[in-house]
Amino acid sequence: MNSAQIEIQLIASLVAIACAIPGTFLVLRKMAMISDAISHSILPGIVIGFFITQDLNSPLLILLAAFTGIITVVLVEYIQKTGLVKEDTAIGLVFPALFSIGVILIAKNANDVHLDVDAVLLGELAFAPFDRLFIGGTDVGPKSLWIIGSILAITIGLLLAFFKELKLSTFDKGLAASLGFSPAIIHYGLMSVASVTTVGAFDAVGAILVVALMIAPAATAYLLTTDLKKMLWLAVSFGVLSAISGYWFAHWLDASIAGSITTMLGFIFLIVFLFAPSKGIIAVMYREKQQRIEVSLLTFLLHLKNHTEERERHVNHLQEHINWQKVRAKTVLDLALKNNMIVLNKNIVSLTEKGDTFTSKAIDYIITNEDAQIEDMKADFFLFRG
């Protein structure tokens, strides 16, 4: 592994970390697609900054691009607050307009500027190591590495300094305001960080990968935890894992690095989406199946409690009376027996003391609905779940 390969992976990893931090809060605030708007609408800011300074390396480009990103957020929120359109529609109106303005400015005033898919949308990490930073004639490494590293250091500093305020304003704006924190200032501060991070990563990785690194790791982490600190760590970990594995995937395929990293982000999200312990598709399907069986069990127990005559409590008659298929009836009967809710005597089903107590409490819950924690009641009685 040569130095260029190490530098590419290091740049990609730093970009992933820098994007994952604001991205986590954007996902929690249900503002995921605002990153897409910012990543495209910063173009006029970059173009205007270049026209003023005639220097692509000027810090003014980052400042004006970040300012354009904030303008994007303000416009989206203003249009949304009118109540005439929803947020996704507002985003779809604002960022194409601003992006188009940037393209028009380039077309009219800078025809010699190379503007293609790689430059604007995909980026090309493979070229990042060739754009070096020299201080006093000494090569100190890729310019992108220093830019994104500086942005990351500032982002981590702001996160540590304002973590409590960010957490409060994200989950409870009313409480944050009552404690003296301005949700609006915190909101626009977060948008500023997202804008600056987008600008810093734009040249190295492109708009598409910036959006992917901001949203996919945070969305993946969201499926695994409800703890904010753990979500941040998981988002960072998924981002770095995707960056490194995506690079080697691209190396193996001889394909776009940015595209390969995005593919790995999607693959990791798909794995978690399917197999996450509590929010994954398989876990959700299992819980739904379990709940259907438990509802059937409750129906079965209520039937037994309401009928004392043996004819109504015969195994075969239960299947006919409740109109269950044979497999379903056997599943419910087995679950009730395993949990010691019933006893069988010559195919006549009777409630045990435990089954009678559970059914009485369930009836009280159904009638009064005072205790919303019915799962706690199930946990007290069930040794085996459906």
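Leaving aside its neighbours within four places in sequence, with which residues is Glu-7 in contact? Glu-7 is in contact with Pro-129, Arg-132 and Pro-142, where contact means heavy atoms within 4.5 Å. The model is predicted, so local features need pLDDT of at least 70 and side-chain atom pairs count only at pLDDT 80 or more, while totals for chains, interfaces and linings use all residues. Residues are numbered from 1 along each chain as its sequence is written, and side-chain values use heavy atoms, with hydrogens and water left out.

**Overall division**

- The protein is divided into domain 1 (3-277) and domain 2 (282-381); the bounds come from an automatic or database domain assignment.
- Taken over C-alpha atoms, the centres of domain 1 and domain 2 are separated by 53 Å.

**Helix H1**

- Helix H1 covers residues 3-28 and contains Glu-7; helices (H or I, at least four residues) and strands (E, at least two) are DSSP runs, numbered from the N terminus.
- Glu-7 counts as buried because its relative accessibility is 14%; buried means under 20% relative accessible area, exposed over 50%, and partly exposed in between, with a 1.4 Å probe and protein chains only.
- Ser-13 is also found in helix H1, and its relative accessible area of 10% makes Ser-13 buried.
- Val-15, another residue of helix H1, is buried because its relative accessible area is 1%.
- Residues up to four places away in sequence aside, Val-15 touches Ile-148, Ala-201, Val-205 and Leu-213.
- Val-15 and Ser-144 are 129 residues apart in sequence, and their C-alpha atoms are 9.5 Å apart in space.

**Nonpolar cores**

- The largest nonpolar core has 77 residues, of which Ile-34, Leu-125 and Leu-209 touch the most other members; such a core is a set of buried Ala, Val, Leu, Ile, Met, Phe, Trp, Tyr and Cys residues joined through side-chain atoms within 4.5 Å.
- Among the helices that each supply at least two residues of this core are H1, helix H2 (34-41), helix H7 (143-171) and helix H9 (183-222).
- Helix H9 gives the largest share of this core, 20 residues.
- Ile-34 is in contact with Leu-26, Val-73, Val-76, Ile-91 and Met-191, leaving aside its neighbours within four places in sequence.
- A second, separate core of 18 residues includes Ile-293, Val-349, Met-377 and Phe-382.

**Helices H3 and H12**

- In helix H3 (residues 43-53), the buried residues include Leu-43, Pro-44, Ile-46 and Phe-50.
- Helix H12 (residues 281-306) has 26 residues and, at 1.5 Å a residue, should span 38 Å; its end C-alpha atoms are 37 Å apart, which agrees. The expected span of a helix is 1.5 Å times one less than its number of residues.
- Buried residues of H12 include Ala-283, Gln-290, Ile-293, Phe-300 and His-303.

**A pocket**

- The second largest pocket holds about 410 Å³ of space. On a 1 Å grid over the protein atoms alone, a pocket is an open set of points where a 1.4 Å probe fits, with protein on both sides within 12 Å along at least five of seven lines; lining residues have an atom within 4 Å of a point. Grid points are joined across faces, edges and corners, and the volume is the space filled by probe spheres set on the points.
- This pocket is lined by 21 residues, of which Leu-158, Phe-162, Gly-189, Leu-190 and Val-193 lie nearest its centre.
- H1, H7 and H9 are the elements that give two or more residues to the lining of this second largest pocket.

**Positive phi values**

- Most residues other than glycine have a negative phi.
- Lys-30, which is not a glycine, has a positive phi of about 60°. Lys-30 is found in the loop between H1 and H2 and is exposed, because its relative accessible area is 69%.
- Asp-254, also a residue other than glycine, has a positive phi near 55°. Asp-254 lies in the loop between H10 and H11, and at 71% relative accessibility Asp-254 counts as exposed.
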